[in-house]
Amino acid sequence: MDTILGINPVALFGQLLVGLINGSFYALLSLGLAIIFGLLRIINFAQGALYMIGAFLAWLGLEYWGLSYGWALLIVPLVVGLFGILIERFLIRPIAHEDHLYSLLLTFGVALVLQGVFSHVFGSSGKPYSIPEFLQGVANLGFMYLPIYRGWIIVVSLLVCFGTWWAIEKTKLGAYLRAGTENARLLQAFGINVPLMVTLTFGFGVALAGLAGVLAAPIYSVSPDMGANLLIVVFAIVVIGGMGSIGGAIITGISMGVIEGLTKYFYPEASNTIIFMVMVVVLLIKPAGLFGKEV
Amino acid sequence: MKAQGNEKLRVSDLHAFYGESHILHGIDLHVNQGELVTLLGRNGSGRSTTLKAIMNMVGRRSGSININGTETMGLAAHRIAHLGIGFCPEERGIFSSLNVEENLLLPPAVRSDGMSLDEIYQMFPNLYERRTSQGTRLSGGEQQMLALARILRTGANILLLDEITEGLAPVIVKKLGEVLIQLKRKNLTILLVEQNFHFAAPIADRHYVMEHGRIVEEVQQAELSAKTELLNTLLGV
């Protein structure tokens, strides 16, 4: 019995799994964008390029410096975060008092420059990165076979997303971030070093992209344009979810991945456009996004 | 004038600008320890801007602002509060993404002798009952209590309060008056921007009257009855 009611469960679960994995990356990237947008009021167009750099650093680490996957998972996000801190401190900060459009264009320029440099140095072909040994193999879940590394991606990104959500919604540090998102000037008048907070927040949001890059290296090919391709979809997701809430960014990211996966099974022709169609519908019905606040 | 060492806040020749517009034109004022001083004036006379300028929340400033003995013109905005000053903004500034208790605990302590959470809840029992509610779900009066309680917890001994009675029911205004009298007894120094002259008159030690970004009159508590006519003209009441 291969099909139930005309549905092939193996193929369906397979696409659902692909959807969940894509959704995990969408969630990590849009979460980073949402955190940065909250405090800096800019959409960081460089997020995709920093994701790409995360993947490249993992690849370079393994290829040239003997840095194992496990260490890359810890160190690369820190390096990418530090790089983000430099971008904020020396490029974005000096023009922060201008219209936010300038900062947005600046991050777009940074993305193009980074992508160009990596293309020039490494060529545009994809680099292979093998799945680390301890995450190789397949688990039999009864109803489907789950490649362990794919399960790992889902678990790690869910943990990171939930951990970030918890830290923002339930801790004192998160209260500062929420308050700063609402009224940074008043928070600063209470004695909080908001400029420092902005820098660290940018670093953290960008580190999430770096982490996503390391997670992606073993399953997508590591190439200079991997971030640009993903970022277009992530922007659509950000529009759908709205910039209002951290939880919203996570939920929208994962569910859009799943919807994309389901579309691949039921109507593959639309799978590349379904997210954009959802975006159009959401924009027509609720312009601020599903979780966004009306301005 | 009282002795120099008694002075908690002194503003000299303060000018402030929003972009191209020149809002404050050389403000001079001082508040002594334990004094409650009001800034009176019509809307748009520059009273709120004066408080914001003291907190370094406006664009460009010049002149001198001395808080608890420290010159602050060169200090970053987040350093000001740590000199022992607390600001209660006109729009109250309650954060909607924080619950009542989170709002209350948000500003870091700037001195060691602030009120404890228990004392705060004793002074404002409503806040205790609603401590897990979203900050902006409180009534206007409760939000005002919260905005005030928030800076009392930090231990700030100079309070800048902007229009705390605005739009509130008489019973709440009365409660706020009692709170201010209690704070005065604790020897806190208060600079109060107030529209409601009848609220301010009985509790204040001195009044400054502002017009067009300048201080045009200083009135001692004892001179109030003699200068009632002048004040009515200046305030347009």
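Modeller: Before we start, residues are numbered from 1 along each chain as its sequence is written, while chains are lettered from A and ligands numbered from 1 in the order in which they are written. This is a predicted model, where local features need pLDDT of at least 70, side-chain atom pairs count only at pLDDT 80 or more, and totals for chains, interfaces and linings use all residues, and side-chain values use heavy atoms, with hydrogens and water left out.

Biologist: Thanks! What makes chain A as compact as a globular protein of its length?

Modeller: The radius of gyration is taken over C-alpha atoms, and the globule rule is 2.2 Å times the number of residues to the power 0.38. For 295 residues that rule gives 19 Å, and chain A has a radius of gyration of 19 Å, so chain A is as compact as a globular protein of that length.

Biologist: And how many helices and strands does chain A have?

Modeller: Ten helices and two strands. Helices (H or I, at least four residues) and strands (E, at least two) are DSSP runs, numbered from the N terminus.

Biologist: Why is A:Asn44 called buried?

Modeller: Buried means under 20% relative accessible area, exposed over 50%, and partly exposed in between (1.4 Å probe, protein chains only). A:Asn44 has a relative accessible area of 1%, so this residue is buried. You will find A:Asn44 in the loop between helix H1 (9-40) and helix H2 (47-64) of chain A.

Biologist: Which side chain does the side chain of A:Asn44 make a polar contact with?

Modeller: That of A:Gln47, at 2.9 Å. A polar contact is a pair of N or O atoms within 3.5 Å; within protein, one must be able to donate a hydrogen and the other to accept it, and residues adjacent in sequence count only if both atoms are side-chain atoms. The side chain of A:Asn44 also reaches the backbone nitrogen of A:Ala46 at 3.0 Å.

Biologist: What makes B:Glu35 and B:Arg206 a salt bridge?

Modeller: A salt bridge is a side-chain nitrogen of Lys or Arg within 4 Å of a carboxyl oxygen of Asp or Glu. The closest N and O atoms of B:Glu35 and B:Arg206 are 2.8 Å apart. The two residues are 171 residues apart, with B:Glu35 in the loop between strand E2 (21-32) and strand E3 (36-41) of chain B and B:Arg206 in strand E9 (residues 206-211).

Biologist: Which residue also meets B:Arg206 in a salt bridge?

Modeller: B:Glu218, at 2.9 Å, N to O. B:Arg206 lies in strand E9 and B:Glu218 in strand E10 (residues 214-220) of chain B, so the pair ties together parts that are twelve residues apart in sequence. Through shared partners, B:Glu35, B:Arg206 and B:Glu218 form one network.

Biologist: Are B:Arg206 and B:Glu218 buried or partly exposed?

Modeller: B:Arg206 has 3% relative accessibility, so this residue counts as buried. B:Glu218 has 33%, so this one counts as partly exposed.

Biologist: How do you know that chains B and A touch?

Modeller: Contact means heavy atoms within 4.5 Å. By that rule, 22 residues of chain B are in contact with 18 residues of chain A. The count between the chains is one salt bridge, formed by the side chains of B:Glu102 and A:Arg178 at 2.9 Å, N to O.
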